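Please have the sequence and the structure open while I talk.

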Amino acid sequence: MNLREMMTTETQLRINGARLWDTLMQQASIGATPKGGVRRLALTDLDRQGRDFFVAQAKAAGCTVRVDAIGNLFARRPGRNNALPPVMTGSHIDTQPTGGKFDGNYGVFAGIEVVSTLNDAGIETEAPIEVAVWTNEEGSRFVPVMMGSGAFIGEFALDAVLAAQDRDGVAVGEALRSIGYAGAEPVGGRQVGAYFEAHIEQGPVLEAHATTIGVVTGALGQRWYDVVLTGMEAHAGPTPMELRRDALLPAAELVGIANRIALERPPHARATVGCLSVHPDSRNVIPGQVSMTIDFRAADDAMLSDMDAALHEAVAELRARSGIDIALRQVVYFPPQPFDATLVNAVRSGARKLGLSEMDVISGAGHDAVYLARVAPTAMIFVPCKDGISHNEIEDARPEHLEAGANVLLHAMLQAAGRV
């Protein structure tokens with residue numbers, strides 16, 4: 001085969017969409033829920049079954065599989081020059097308590113499909129290819145969120161994350177041992193040549209624009225806060241309104257303040273109060289304490305810092321005016337993360353070469369790619385999900401969109417890994 005024929009064959013290369021869909025549906029049966037979703041929390045026995053299925057698929061595709069000490073899995077397809085750092089792809093297979101079939105899982109098994117397609121075509125790459133499964137990305141059972149990828153890049157100390165406990169007092173290290181995935185490989189400390197992550201968008205933008213491929217230029221920065229407002233519980237009947245110290249009143253006001261801060265900073269600022277707990281939670285007792293969360297996100301760090309300053313100023317004013325003690329504590333900070341321009345362009349050009357509609361988007365959610373971008377060139381590929389819904393049992397995606405995203409992943413990885 002001459003060079004021109006080789007280039008034509010490469011341009012025509014496509015993944016097997018039916019095989020990808022079948023693999024995703026087999027994985028979705030592990031922890032399937034009556035509403036069509038998946039409940040497969042990190043490091044449970046169902047997670048073990050999901051991991052076992054991944055390992056079986058990876059070995060069937062000719063990969064060797066290694067497990068590190070935080071339970072991250074790496075399926076490796078050798079290249080001609082295995083001294084080169086791998087071109088990596090992947091995501092996670094743990095889910096939310098009421099999760100969907102595609103969040104995370106799509107990126108993992110799209111990677112396996114890329115390997116299988118290269119095998120089918122008899123293509124050898126210069127650099128090795130790896131497909132990663134990162135431990136506890138969702139953070140539903142154990143904190144911190146994106147634990148495996150964070151440990152891999154050195155954001156979290158291994159001893160600290162292994163000691164992290166769930167609500168029942170089970171530690172990560174204990175759970176890893178119980179499911180047989182406490183690996184012997186060191187965590188991180190090695191080069192990654194490039195990292196790609198394919199994912200459903202988890203939002204409505206692509207669907208609203210009737211676009212198949214989201215070329216992800218970066219991810220929003222995040223600041224998360226825990227807030228505790230303390231007043232005084234008292235009987236709802238005998239206590240006059242003007243003499244109450246009702247902690248829920250300033251809490252309700254704070255919900256509006258948080259949302260206003262984001263609305264005043266369009267188009268990429270976000271504010272969410274996702275948790276609110278009232279004590280003592282009795283209909284005829286004035287609330288004495290309220291615990292709540294605030295989630296701020298923005299596309300640039302200056303705006304995120306401005307939102308933080310506005311929140312602290314508003315809390316100080318609300319505290320003075322209400323007479324209620326308000327404790328505000330930041331618990332998470334991720335700076336905005338731009339992705340590598342060269343890899344982003346590879347995704348964009350791959351979509352165009354395949355004749356797929358594409359548009360630049362920014363990720364509002366955290367992904368393992370956000371951590372990998374700190375140590376390696378990184379890019380993400382988004383495909384639409386129905387009505388923009390994710391973290392929900394009714395999460396859905398069209399097979400042809402999943403296939404299209406995997407084809408873009410295939411060509412982007414082949415470009416990065418180098419065809420022999």
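This is a predicted model: local features need pLDDT of at least 70, side-chain atom pairs count only at pLDDT 80 or more; totals for chains, interfaces and linings use all residues.

How many residues lie between β1 and β2 in the hairpin that they form? There are five residues between them, and Gly71, in the turn, has a positive phi of about 90 degrees. Residues are numbered from 1 along each chain as its sequence is written, and side-chain values use heavy atoms, with hydrogens and water left out.

Let me stay with these strands for a moment. Two strands pair if DSSP finds at least two bridges between them. Strand β1, residues 64-67, pairs with β2 in the antiparallel sense over four bridges; Arg66 has Phe74 of β2 as its bridge partner, and Val67 has Leu73. β2 also pairs in the antiparallel sense with strand β4, residues 129-133, over five bridges, and there the bridge partner of Ala75 is Val131.

Is β2 buried or exposed? I use buried for under 20% relative accessible area, exposed for over 50%, and partly exposed for what is in between, with a 1.4 Å probe and protein chains only. Five of the five residues of β2, residues 73-77, are buried, so this strand is largely enclosed by the rest of the structure. Both of its faces are covered, with Leu73, Ala75 and Arg77 on one side and Phe74 and Arg76 on the other.

Now please move to the loop between β4 and α5 (147-152), where you will find Thr135. Thr135 is buried, with a relative accessible area of 0%, and its side chain is joined to that of Arg51 by a polar contact of 2.9 Å. A polar contact here is a pair of N or O atoms within 3.5 Å, where within protein one must be able to donate a hydrogen and the other to accept it, and residues adjacent in sequence count only if both atoms are side-chain atoms. For contact in general, I mean heavy atoms within 4.5 Å. Leaving aside neighbours within four places in sequence, Thr135 is in contact with several residues, including Gly71 and Asn72.

Asn136 is found in that loop between β4 and α5 too, and it has a positive phi of about 50 degrees although it is not a glycine. Asn136 is buried, with a relative accessible area of 2%.

Asp94 lies in the loop between β3 (87-91) and α4 (105-121), and at 3% relative accessibility it counts as buried. A polar atom of its side chain lies 3.3 Å from the backbone nitrogen of Glu137, and the side chain of Asp94 reaches the backbone nitrogen of Glu138 at 3.0 Å.

Two peptide bonds also deserve a look. The bond from Pro266 to Pro267 is cis, with omega near 0 degrees, and Pro267 is placed in the loop between α9 and β9 (270-272). The bond from His279 to Pro280 is cis as well, with omega near 10 degrees, and Pro280 is in the loop between β10 (276-279) and β11 (285-286).

Finally, which helices each supply at least two residues of the lining of the second largest pocket? They are α9 (248-263) and α10 (301-322). A pocket is found on a 1 Å grid over the protein atoms alone, as an open set of points where a 1.4 Å probe fits, with protein on both sides within 12 Å along at least five of seven lines, and lining residues have an atom within 4 Å of a point. Among the lining residues are Met241, Arg244, Leu249, Glu253 and Ser322. About 200 Å³ of space lies in this pocket, where the volume is the space filled by probe spheres set on the grid points, joined across faces, edges and corners.
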